[in-house]
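Trainee: Could we go through this model together, with the terms spelled out as they come up?

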Amino acid sequence: MTPENMKMRAQLKGEMTEVKVLMSHPMETGRKKDDLDRLIPAHFVQLVTATLNGQMVLEAQWGTGISKNPYLTFRLTSAKIGDTITVTWHDNLGETATQSIIVT
Amino acid sequence: MQRRSFIKLISGVFALVFTAPMNAFSALWNKAAFETTKINEAEKNLDINHEKLSHDILITVPDKAENGAIVQIEVKSNIPNTETISLFVENNPTPLIAHFKFSGGAEPFVVTRIKMAETSDIKVVVKAGSQYFTNAEHVIVLENGCG
């Protein structure tokens, strides 16, 4: 997986840090068919975790009902400028991606 | 023979090393809750019970979704000590969409985009301590978004 498959932004606004994440993933349900009428196998993100300076802040379990190229916003009251936020996903085929961003 | 047993040993070690983290991860994903076609089963597998209606769960969704493949949803819980937020689309083939667990200064707030197969209620369940709370919003889907 290339590092470009996640776009992240983490901005401190007042006392709240808003983290926006856009992942690149097909999120196939396993129920869709291709042009030749063959089922496209399920391929979807199952677990997303976010850490703040290495400490867990968010753990998400996902099913096939999250849209293609998943979008996620979450908010932290515990982050300061310069802190590191890391987001990691794992999918049902064992693929994974991780990316970090500094709070600005 | 010795070489064979050595290879066997090595492949065993490899299998252990590479499957162990995968098993640990699989244990985190609630397969039974996500794969069931019944919302009651999904809730049961998440230990949700006796959920009470709460208007302290704020759900922001469009009244009508042009395309069910991408429906943006924002959920904010004003219930003290909110630990988890679960999203369900009642009329989807598999109703459980997502289960979020917050810790370490994360607000009980999330924005994401979900698929809706047809017009349906979106049900949100919040866990706070040993109690469960729920709220729902109805979304009309003009074009099916599930494959």
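Mentor: Strands are DSSP runs of E with at least two residues and helices are runs of H or I with at least four residues, numbered from the N terminus, and two strands pair if DSSP finds at least two bridges between them. This is a predicted model, in which local features need pLDDT of at least 70 and side-chain atom pairs count only at pLDDT 80 or more, while totals for chains, interfaces and linings use all residues. Residues are numbered from 1 along each chain as its sequence is written, with chains lettered from A and ligands numbered from 1 in the order in which they are written.

Trainee: Which element gives the largest share of the side of chain B that touches chain A?

Mentor: Taking residues as in contact if their C-beta atoms, placed from the backbone, lie within 7 Å, the contact draws 33 residues from chain B and 30 residues from chain A. On the side of chain B, two or more residues come from each of helix H1 (2-28), strand S6 (96-102) and strand S7 (109-114). The largest share, seven residues, comes from S6(B).

Trainee: Is B:Phe109 buried or exposed?

Mentor: B:Phe109 lies in strand S7 of chain B, and it touches A:Phe74, A:Arg75 and B:Lys76, leaving aside residues up to four places away in sequence. A residue counts as buried if 20 or more other C-beta atoms lie within 10 Å of its own, exposed if 12 or fewer, and partly exposed in between, with C-beta atoms placed from the backbone. Because B:Phe109 has 21 other C-beta atoms within 10 Å, it is buried.

Trainee: How many bridges join strand S8 (residues 120-128) of chain B to S9(B)?

Mentor: S8(B) and S9(B) form a hairpin with two residues between them, and B:Gly129 in the turn has a positive phi of about 65°. B:Val125 stands opposite B:Thr134 in S9(B), and B:Thr134 is also the bridge partner of B:Leu53. S8(B) and S9(B) run antiparallel, and the number of bridges joining them is nine.

How values were computed: Contact = placed C-beta atoms within 7 Å.
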